[in-house]
Each structure stands twice: as structure tokens, then as C-alpha cells.
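Trainee: I am new to this structure and would like a close look at a single part of it. Could you take me through that part with care, and then show me how the rest of the chain is arranged around it?

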Amino acid sequence: MRAKTLLEKIFATADLSSEALHQVVESFEETHFSKNQYILRDGQTADAYFFMEQGIVRSFAINPEGDEITTNFFADGEILWEVASLFL
């Protein structure tokens, strides 16, 4: 599974024993999203973060005029999370 390899690379610098690294990797759940599927909608609070194995995700906000304003892009190997949710 490619996702496990990605997680092992991400946590390789955490100075974990092989057993602890295995436990950390196994604690994650693989999730798939379709093109144009929303991961988080307006008014929702994020309760998870994601490691991007493959693909591109765009985060955006809606301004008072109703226009989408791109706030970030996430791609392969990056961590996808909504920082504002940490403060709610």
C-alpha cells in the first residue's frame, strides 16, 4: 500500500522504534475523495487532517460578494488541514 509508505516517510524522523512506527502508521485510515468533492463545507469544523498521497486539493473562502477566493493548494506528500478549525 502506497499510503503506508508515505506515512513511514513522514514519521521516519520522529525517532520512533520500529514497533512504535508500525502502531502510528496503522492508526491512520485511508480515505478517498472524488474530483470536485468537498472535504469540508462552510460552517463545518475539521475533526481530521489528511496526508495527501496523490492529487491536488484547493482550499478557498467565499467573500461577501459570493466569489471564491483561493487560500491554498495541497499536493502529493503534503498535509491537508484547516488551521482555523484548531481555534474553534
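Mentor: Ser59 is a buried residue, since its relative accessible area is 16%, and the cut-off for calling a residue buried is a value under 20%. Please keep in mind from the start that this is a predicted model, and that every value I quote has been computed from it. Ser59 has its place in strand β2, which covers residues 56-62, and its side chain is joined to the side chain of Thr71 by a polar contact of 2.8 Å. If we leave aside the neighbours within four places in sequence, the residues in contact with Ser59 are Ile69, Thr70, Thr71, Asn72 and Phe74.

Moving on from strand β2, we come to Asn63, which sits in the loop between β2 and β3. The side chain of Asn63 reaches the backbone nitrogen of Glu65 at 3.0 Å, and it also reaches the backbone nitrogen of Asp67, in that case at 2.8 Å.

To see where these strands belong, consider the chain as a whole, which has two helices and four strands; read from the N terminus on, the elements follow the order α-α-β-β-β-β. Between α2 (18-26) and β1 (50-51) runs a loop in which Asn36 is found. Asn36 has a positive phi of about 70 degrees, although it is not a glycine, and, with a relative accessible area of 70%, Asn36 is exposed, in contrast to Ser59, which is buried.

A further part that deserves attention is the set of aromatic rings, for the structure holds five aromatic pairs. One of them is formed by Phe28 and Phe51 in an edge-to-face arrangement, with 5.3 Å from centre to centre and 65 degrees between the planes. Because Phe28 lies in the loop between α2 and β1 while Phe51 belongs to strand β1, this pair ties together parts that are 23 residues apart in sequence.

As for the overall form, the C-alpha atoms fill a box of roughly 50 × 30 × 20 Å when it is taken along the principal axes. The chain has a radius of gyration of 15 Å, while a compact globule of 88 residues would have one near 12 Å. The accessible surface comes to about 7,200 Å², of which 51% belongs to carbon and sulfur atoms. Among contacts between residues at least 6 apart in sequence, 37% join residues at least 24 apart.

Finally, a word about confidence: the chain averages a pLDDT of 85, and 94% of the residues score at least 70. Where pLDDT is low, predicted coordinates should not be read in detail.

Conventions:
Residues numbered from 1 in each chain as written. Predicted model: local features only at pLDDT ≥ 70, side-chain atom pairs only at ≥ 80, totals over all residues. Heavy atoms only, no water. Buried < 20%, exposed > 50% of the residue type's maximum accessible area, 1.4 Å probe, protein only. Phe/Tyr/Trp six-rings, centres within 6.5 Å; stacked < 30°, edge-to-face > 60°. Polar contact = N/O pair within 3.5 Å; in protein donor to acceptor, adjacent residues only side chain to side chain. Contact = heavy atoms within 4.5 Å. Rg over C-alpha atoms; globule rule 2.2 N^0.38 Å. Areas by Shrake-Rupley, 256 points an atom, 1.4 Å probe, with all protein chains shown as cover. pLDDT = per-residue confidence, 0-100.
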